[in-house]
Amino acid sequence: MTATEPVGTAPAAEPVTAADAPQPAPGATPPRTPLVARAAAELVGTATLVAVVVGSGIQATELSQDVALQLLANSTATVFGLGVLIVLLGPVSGAHFNPAVTLAEWWTARRGGAGVNARELAVYVPSQIVGAVAGAILADAMFGEPLVKWSTHDRSAGNLLLGEVVATAGLILLIFGLARTDRLRFAPVAVASYIGAAYWFTSSTSFANPAVTIGRAFTDTFAGIAPASVPAFVGAQLAGAVVGLALVAVIFMRGKTDDGQPAA
C-alpha cells in the first residue's frame, strides 16, 4: 500500500527463473505491471472493500439490535477483508484502495522517493472512486436494499472530523513507516489491524479514505454517511494525510554519512 521497492537482479552467471525471481512485497507497486491492470486492481479492490464494509454493516443490523455488536461485526469483517485484498492485489497495484495513500505516494515520488507519477495518479484515483460507488451499490443489491439511496446518517460534528484526521494520519504513518524500515511484508496484517483498532478508538469509526467516504454516501444503511458530510470528511482525511507525512519525515528521518550525504 505504498511506494515502489526495487527488485533485485541475479548475477548474469546465475539466471533466475520466473518462479524463483524476487517478488514485490505486499503494498509495493510493481514497476512493470501494465497500468490498465493496476487500474483494474484498484477498482476491484476498492469495490470489494466497500462491499465488505457496507454489506457487513447491513448484515450486522439484521442480526442484532446491539450497536456494540453491530460495530464489532462490521470491524471484524473489514479487518479480514482488507487483509485478504492487500495480500491478493498488493503485488499488482500496491493495494492503495485509497486516494489519500495514492496522493501521499505521489508527493513522496515528487520529492525524490519511489511512488506513482502524475499519470498513474490520474488513473488510480478515479478507479478508486468508481470502485467505491460500485461496491456500495453491489452491497445494497445483495441485501435487497435500494441500489442507490442517499444516506441520511449525518457525520458533521467537529469531534468526528478530528477522528478522521487522527485515523488518516495514523494510516499514512504506518504505511510509509513500514516502507522506510523495509517492513512492507507486514502490510497486510499491520494495515488491517490498524483499521480494525481505529474503528474503535476514533470517534468517526475510521473511514480514513476519501473514495470509501464517497461510496458510503450512496447507501442509507449502517455504514452510510450523508452527502452533506462528505466534503468535510474528505478534507479532514487529506489534512490527516499531510500530518501523517510530516510525522514520517520526523520519526523516520534519514541520517547522514560522515561526508554529509544522506544515509542509504
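Visitor: Among contacts in the protein chain between residues at least 6 apart in sequence, what percentage join residues at least 24 apart?

Guide: Happy to start there: this is a predicted model, in which local features need pLDDT of at least 70, side-chain atom pairs count only at pLDDT 80 or more, and totals for chains, interfaces and linings use all residues. Residues are numbered from 1 along each chain as its sequence is written, and side-chain values use heavy atoms, with hydrogens and water left out. A contact means heavy atoms within 4.5 Å. Of the contacts between residues at least 6 apart in sequence, the share joining residues at least 24 apart is 78%.

Visitor: What pattern does the protein chain follow along its sequence?

Guide: Helices (H or I, at least four residues) and strands (E, at least two) are DSSP runs, numbered from the N terminus. The protein chain has eight helices and zero strands. Read along the sequence, the pattern is therefore α-α-α-α-α-α-α-α.

Visitor: What percentage of the residues of the protein chain count as buried?

Guide: Buried means under 20% relative accessible area, exposed means over 50%, and partly exposed is in between (1.4 Å probe, protein chains only). The protein chain has 264 residues, and the buried share is 47%.

Visitor: Is H2 roughly parallel or roughly antiparallel to H6?

Guide: Axes are lines fitted to C-alpha atoms, for helices over the stretch in contact, and angles run from 0 to 180 degrees between N-to-C directions. Helix H2 (residues 67-93) and helix H6 (residues 187-201) have axes 8 Å apart and pack at about 160°. Angles under 35 degrees count as roughly parallel, over 145 as roughly antiparallel, 65 to 115 as roughly perpendicular, and the rest as oblique. So H2 and H6 are roughly antiparallel.

Visitor: How many nonpolar residues are in the contact of H2 with H6?

Guide: H2 residues including Leu-71, Val-79 and Leu-82 meet H6 residues including Val-191, Ile-195 and Trp-200. Ala, Val, Leu, Ile, Met, Phe, Trp, Tyr, Cys and Pro count as nonpolar, Asp, Glu, Lys and Arg as charged, and the others, Gly among them, as polar. The contact of H2 with H6 has five polar residues and no charged ones, and its nonpolar residues number 14.

Visitor: Is H3 oblique or roughly parallel to H8?

Guide: The axes of H3 and H8 come within 10 Å and cross at roughly 40°. H3 residues including Leu-103 and Trp-107 meet Leu-238, Ala-241 and Leu-245 in H8. By class, this contact has seven nonpolar, one polar and no charged residues. Because of the angle, H3 is to H8 oblique.

Visitor: What is the phi of Phe-97?

Guide: Phe-97 sits in the loop between H2 and H3 and is buried, with a relative accessible area of 1%. Beyond residues up to four places away in sequence, Phe-97 touches, among others, Leu-49, Leu-82 and Gln-128. Although Phe-97 is not a glycine, its phi is positive, at about 55°.

Visitor: Is Ala-198 buried or exposed?

Guide: Ala-198 is found in helix H6. Leaving aside its neighbours within four places in sequence, Ala-198 is in contact with Thr-205 and Ser-206. Because its relative accessibility is 0%, Ala-198 counts as buried.

Visitor: How far apart in space are Pro-188 and Ala-95?

Guide: Pro-188 lies in helix H6 and counts as buried at 10% relative accessibility. Pro-188 and Ala-95 are 93 residues apart in sequence, while their C-alpha to C-alpha distance is 9.6 Å.

Visitor: Which residues is Glu-120 in contact with, leaving aside its neighbours within four places in sequence?

Guide: Glu-120 lies in helix H4. Its relative accessible area is 12%, so Glu-120 is buried. Leaving aside those neighbours, Glu-120 is in contact with Leu-35, Arg-38 and Gly-115.
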